[in-house]
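Reader: Can you take me through this one? I'd like to go point by point.

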Amino acid sequence: MAPAQSPAAPMPADRSMPPLLRSILGGLVVAVPVVVIGVLILWLAPPYQVRIAFAGYVNLVIVVGLQIFMGNANIGNFGHSAFVGVGAYFVAILATPLAAKKLSIPNAPFGLSQVVLDPIVAAVVALGIVGVLALLTGFIISRLSGIAASIVTLSLLIISHGVFINYTDLFKGAQAFFGIPVVIGLPTAIAVAVAAIVVARVFRDSQDGVQLRASADDVLAARAFGVDVVKLRFKAWVLSALVCGAAGIMYAYFMGAVIARAFFFQQVFLTLAMLILGGMRTVSGAVVGCAILSIGLEAIRSLESGATIMGVKLPEMLGLSGLSLGAVIVLGMAFRPNGLMGRLELDELAAGWLRRLRRS
Amino acid sequence: MDYAIQQIVNALAFGSEYALLALGLALVFSIMGLVNFAHGEIIAVAGYSVFFAVALGLQSVLGAVTIAIVMGIVTALVFERVAFRPVRYAPTTTGLLTAFGVSIVVQNMLTLFVSPKARAVPVLGPLNQTFFIGPYAVSSLQLLELAVTIVAIVALVLFLNRSLLGLAIRAAARDFSTVRLMGVKANRVIATGFALSGFLAGVVSVFILARRGSVEPDFGSAPVIKAFVACVLGGFGSLAGAAVGGMVLGFLDVAILVALPQKFGGLRDALTYFLVGVVLFWRPQGLLGRTVELGDKEV
């Protein structure tokens with residue numbers, strides 16, 4: 001069973017600070033490694049590694065978005081990639097220049113093949129569409145709990161994929177949708193990731209977040225205290241969807257092309273594994289899990305294609321990265337069912353250590 | 001009329017396959033609250049065992065069927081011992097994720113050690129033949145699926161109702177601690193549940209092999225996601241619900257396929273899942289599930 005949550009951070013030294021400021025600062029502390037790693041990569045790494053790192057940052061934003069709903073409401077979510085896909089596809093549809101659109105979606109409905117928006121406007125509109133879809137689906141999902149809720153999120157994933165693949169006039173089917181203006185680089189991705197972390201942390205520490213986490217531990221007790229569980233789940237769902245949508249927009253604006261199968265089971269499992277490994281109860285868990293798996297899997301992937309280590313040429317080993325991914329989940333669940341981070345955020349852990357140091 | 005009968009037979013065959021799969025999931029879930037996403041990999045391992053046996057020179061249909069079923073049971077027991085015992089008392093989400101992990105590990109092991117591509121296993125072909133009853137073209141496999149499903153369900157009901165272990169399983173589904181207080185070993189109940197579920201997985205593996213004639217790493221996972229949906233549709237953990245949910249899903253699949261114009265054929269899955277979502281919104285506890293008020297002691 002999950003340990004009882006203590007709602008407020010155990011930081012007596014900071015009691016004087018307003019709670020919102022404390023959450024924001026806490027979130028920024030958690031984001032420090034994210035920024036440091038990003039700056040190091042920008043400074044030292046060759047361009048192709050920057051590209052890989054960018055994908056890592058997209059995943060980070062997705063995992064943090066996933067944590068907002070799954071970690072606080074404790075409901076398994078398989079549908080978040082639908083929102084990533086919607087975000088990515090709508091900026092692709094709205095911001096791609098006319099010439100490229102003539103090739104890719106000449107028959108788009110509502111005259112969309114004639115519309116080109118400024119990338120920022122397109123991003124805002126795409127986020128709005130994600131928001132509307134999140135409101136509609138959230139209405140249903142927030143009223144369900146347990147496995148029924150998880151199945152509906154799974155349905156959402158499969159429905160979105162079916163629509164992307166089959167509504168060829170708008171989404172270009174199973175082929176890549178290319179020609180999207182490449183307008184952002186790694187610095188923007190780092191900034192978005194930091195913003196996502198702070199938003200998730202502020203939500204987690206807010207009254208809504210605390211009540212939602214309490215209801216995840218014991219619905220009956222939470223209801224008895226007058227907690228409106230449905231409303232809170234709904235809020236968490238919409239916020240989570242918006243963050244995932246932002247990740248999709250980022251992806252499209254960096255890669256310049258989107259493809260439907262990028263937003264399907266593989267992405268869902270990878271991001272889920274990251275969140276579970278780190279621990280879904282905390283935002284730090286999302287960050288830690290994403291960092292470990294991104295770096296670990298990248299190392300394994302270089303082995304997978306047949307690396308040469310100390311003069312020995314290793315054979316090609318397809319499936320090795322997947323194997324390790326699965327093993328991490330199984331071992332993690334067996335030995336650390338609450339993930340690496342457990343129930344405390346990084347800054348809370350650090351504050352605890354400092355306190356103990358000072359005492360001794 | 002002919003067309004309608006043909007499609008009903010199709011739906012019954014699809015439905016029985018889903019029902020067998022859903023029963024395997026529901027058995028394990030009702031006993032230990034585990035959502036076993038790795039059920040598909042039991043099917044895959046059974047299928048690959050037949051592939052290896054054929055590679056070693058196996059020719060007979062009966063031999064292949066035996067191997068598939070025995071390996072289904074063995075795999076289920078191994079999964080239980082290695083992966084699921086450590087998370088036996090953990091919350092549902094933990095078990096679900098472990099099962100996901102097992103599923104990913106096994107799929108990738110098959111990719112790594114055998115091949116990422118499909119491998120031909122022609123040995124069960126003789127099970128799948130088309131013959132005519134009057135004007136109707138009938139596939140022997142479809143009839144077999146229907147018959148075996150009925151037999152399996154009857155046998156399962158008899159076992160659960162008449163044998164002591166069956167009684168223990170049914171009791172464990174309601175209150176495991178009391179069952180243990182009566183002197184029944186938890187390990188035995190759970191192992192039996194897994195063995196039964198592995199048996200059903202082996203049977204399904206035979207059907208899928210006979211129809212497709214090949215194995216590949218994601219051999220079992222796609223049908224299991226459907227079966228999982230069937231379980232939830234019928235009411236998770238209820239065995240009757242699993243059978244009914246499987247049949248309903250089979251009919252839903254075929255009805256959508258028939259009703260949908262060719263152009264939107266690819267939207268079949270999307271529409272199926274949409275309808276499932278609607279049903280769950282209307283009855284979150286599933287079609288046959290009982291409404292349990294929060295805090296009710298009787299589950």
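Reader: Which residues does Thr111(B) touch, not counting those up to four places away in sequence?
Author: Thr111(B) touches Leu318(A), Gly319(A), Pro116(B) and Pro217(B), where contact means heavy atoms within 4.5 Å. This is a predicted model, in which local features need pLDDT of at least 70, side-chain atom pairs count only at pLDDT 80 or more, and totals for chains, interfaces and linings use all residues. Residues are numbered from 1 along each chain as its sequence is written, chains are lettered from A and ligands numbered from 1 in the order in which they are written, and side-chain values use heavy atoms, with hydrogens and water left out.

Reader: Is Thr111(B) buried or exposed?
Author: Thr111(B) is buried, because its relative accessibility is 16% (buried is under 20% relative accessible area, exposed over 50%, partly exposed in between; 1.4 Å probe, protein chains only). The residue lies in helix 4 of chain B (helices are DSSP runs of H or I with at least four residues, numbered from the N terminus). Its side chain reaches the backbone oxygen of Gln107(B) at 2.8 Å.

Reader: What area is buried between chain B and chain A?
Author: About 3200 Å², and carbon and sulfur atoms give 86% of that. Buried area is the accessible area (1.4 Å probe) that two parts lose on being put together, summed over both. The contact takes 41 residues from chain B and 38 residues from chain A.

Reader: How many salt bridges cross the interface of chain B and chain A?
Author: Zero by the rule, which asks for a side-chain nitrogen of Lys or Arg within 4 Å of a carboxyl oxygen of Asp or Glu.

Reader: Then how many salt bridges are there over all chains?
Author: A search of the whole structure gives 14. One of them pairs Glu345(A) with Arg204(A), at 3.4 Å from N to O. Glu345(A) sits in the loop between helix 14 (320-335) and helix 15 (346-359) of chain A and Arg204(A) in helix 8 (residues 186-205), so the pair ties together parts 141 residues apart in sequence.

Reader: How accessible is Glu345(A)?
Author: Its relative accessible area is 0%, so Glu345(A) is buried. Arg204(A) is buried too, at 2%.

Reader: And in chain B, which residue does Arg211(B) meet in a salt bridge?
Author: Glu17(B), at 2.8 Å from N to O. Arg211(B) is in helix 8 (residues 186-212) of chain B and Glu17(B) in helix 1 (residues 2-32), 194 residues apart. Arg211(B) is partly exposed at 40% relative accessibility, whereas Glu17(B) is buried at 5%.

Terms used. Helices (H or I, at least four residues) and strands (E, at least two) are DSSP runs, numbered from the N terminus. A polar contact is a pair of N or O atoms within 3.5 Å; within protein, one must be able to donate a hydrogen and the other to accept it, and residues adjacent in sequence count only if both atoms are side-chain atoms.
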